[in-house]
Amino acid sequence: MKLKKLFKIEKLMLGGGGILNWSLIQQNLCDEISLLVMPTADGSPDTPSLFQSKDGMSGDKPVSFNLKTVEKKGNIAWLTYTINNNN
C-alpha cells in the first residue's frame, strides 16, 4: 500500500531467491507466482530452491496456490498461480 501511495506502483515483480520468496509469501506480501518450467534437470544438492525458510527470518506455515494461466512458449511451460493466503 505504501509503494502504491508514495510511488504510484500498481504491480511490482520480485526476482528473489528462495529465502526472499518464502519470506514475502509468509508475510502475505506476494499475490502471484510466475514459473517457467523447462525440460532440464539438476540433481545437485547445491541447486537453489524456489522457496526456502530460514530460522528467525520467516515462518513455515504451508501455502497453497491456485492455477491462473498456462502458456506454452516453445518447449517451455509458463505457469502463473495466485497465492491462497487463507491457509
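**Pockets and aromatic rings**

G16, G17, G18, N21, M38, T40, A41, D42, T47, P48, S49 and L50 line the second largest pocket of this predicted model. The space in this pocket amounts to about 280 Å³. By class, its lining consists of 4 nonpolar, 7 polar and 1 charged residues.

The largest pocket has a volume of about 1100 Å³. Its lining is formed by 29 residues, of which L12, M13, L14, C30 and D31 are the closest to the centre. Several elements give two or more residues to this lining: helix 1 (2–7), helix 2 (18–26), strand 1 (32–37), strand 2 (64–73) and strand 3 (76–84). The largest share comes from strand 1, which provides 4 residues. Sorted by class, the lining of the largest pocket holds 14 nonpolar, 7 polar and 8 charged residues.

The aromatic rings may be considered next. The model contains 3 aromatic pairs. In one of them, F51 and F65, the ring centres are 5.8 Å apart and the planes meet at 20°. Planes under 30 degrees apart count as stacked, and the pair is therefore a stacked one. This pair links distant parts of the chain, since F51 lies in the loop between strand 1 and strand 2, whereas F65 belongs to strand 2, 14 residues apart.

Methods: Residues numbered from 1 in each chain as written. Predicted model: local features only at pLDDT ≥ 70, side-chain atom pairs only at ≥ 80, totals over all residues. Heavy atoms only, no water. 1 Å grid on protein atoms, 1.4 Å probe; cavity = no way out; pocket = protein on both sides within 12 Å on 5 of 7 lines; lining within 4 Å. Points joined across faces, edges and corners; volume = space filled by probe spheres on them. Nonpolar A, V, L, I, M, F, W, Y, C, P; charged D, E, K, R; others polar. Phe/Tyr/Trp six-rings, centres within 6.5 Å; stacked < 30°, edge-to-face > 60°.
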